[in-house]
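Student: I have just opened a new structure and would like to learn how to read it. Could you walk me through some features, one by one?

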Amino acid sequence: MTISRHKGRDIFLMYVLGIETSCDETSAAVIGGAGRVLSNVTASSLNLHRKYGGIIPEIAFRMQLDSIAGVCDCALGEAGLTLKDIGLIAVTNGPGLAGSLNVGVNFAKSVSFSAGIPLTAVNHLHGHIYANFLSHRGIEFPFAALIVSGGHTSIYRVEDCDRMEEMGSTADDACGEAYDKVAKILGLGYPGGPVIERRAALSSGGSGLRFNCSAAGSRYGFSFSGIKTAVLYHVSSLKRSGARVPAGTVNDIAYAFQEAVVGTLADKTFAAASDRHLRDILVGGGVAANSRLRREFERRAAKTRIKVFFPEKRFCLDNGAMIACLGRSLYRKGVRAGAELGLELD
Ligand code: KG4
Ligand code: ZN
């Protein structure tokens, strides 16, 4: 990587390099003025984790150490830029896996220091919300946001990029985690979200099977461990009466599970928006890629005055572009980081 000294630029026009290493991905992106994505390069270690049925932090961290410099170089190259064109580096400093986050944060700090480029730190979950600003104009503050990822499920009231109030979250498993665990119970492999979505779409929906997400005790809270256990008991009882669960039954279980989850996410998020008189709902995180979820939110929005926004599917999973996007807004607000930047794991 060529290192040269940065010359100051107008924050509204400058190029921002976003770096994301909170879980198994190593991602770097360059965005230009008005949030235009010039490049978004992601190296994922997902294939190395598949056989373990979940992310192994040590494997993720080693791959990130090997790939961070190359991924950033690639992002700059695809954007047709060098470091001296970059006006700001935005890096995820939490929540996530400590080893993985350290790779991105330490890399960003050293490039920032040696090239004289300002640095800002970004919360990964808030970054998922900001993935929406990469593709949509006309979002009105304050708005309600639902984060549905592999590690978190929360509803926020967002006043501004630096003022996000968590209204509720999950009491146990995250929504993506529930997809992953149910896929494991059904023998469908990892990650569970995309495969459950595919199998659910193959069901006629007419089996009569129903699951429920247990009440989480609060109006905007979630609980997904009960439904996972209900699927487990159901599958165990089927296995007791026969050797293998037929493929059609697996599809029906995937369908019933997904319907319950999507219904709960929509009920709670629309309740939060309407209670607080919020006109827009933004959804973000890996589960936001789910087509059934997108359809249900759009269906409900069509019946109300609430507008719903989802990121483009390529920006639902972890990516550097969303980090660059939120980083720019935070920087405009004066949020800066330096050599002292540490991790915020929770
Ligand atoms: O946001 P993300 O990339 O990583 C975290 O920050 O956790 O989310 C990953 C999660 C996984 O649990 C995965 O199963 C889920 O997102 N996911 C989906 C879909 N694609 C990914 N869940 C439901 N439907 C999908 N199409
Ligand atoms: Zn994420």
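Tutor: Gladly! Let's begin with a term: a residue is called buried when its relative accessible area is under 20%. This model is predicted, and 54% of the 346 residues of the protein count as buried.

Student: What is the secondary structure of the protein?

Tutor: The protein has 10 helices and 10 strands.

Student: Which radius of gyration does the protein have, and what would a compact globule have?

Tutor: A compact globule with 346 residues would have a radius of gyration near 20 Å, so the 21 Å of the protein agrees with that. Along the principal axes, the C-alpha atoms fill a box of roughly 70 × 45 × 30 Å.

Student: How many of the contacts join residues at least 24 apart?

Tutor: Take the contacts between residues at least 6 apart in sequence: 72% of them join residues at least 24 apart.

Student: Which residues of α9 are buried?

Tutor: They are Arg292, Leu293, Arg294, Glu296, Phe297, Arg300 and Ala301.

Student: And what do the buried residues of α9 pack against?

Tutor: Their partners are the helices α6 (192-201) and α8 (247-275), along with the strands β6 (143-148), β9 (280-284) and β10 (307-309).

Key
Residues are numbered from 1 along each chain as its sequence is written. Chains are lettered from A and ligands numbered from 1 in the order in which they are written. This is a predicted model: local features need pLDDT of at least 70, side-chain atom pairs count only at pLDDT 80 or more; totals for chains, interfaces and linings use all residues. Side-chain values use heavy atoms; hydrogens and water are left out. Helices (H or I, at least four residues) and strands (E, at least two) are DSSP runs, numbered from the N terminus. The radius of gyration is taken over C-alpha atoms; the globule rule is 2.2 Å times the number of residues to the power 0.38. Buried means under 20% relative accessible area, exposed over 50%, partly exposed in between (1.4 Å probe, protein chains only). Contact means heavy atoms within 4.5 Å.
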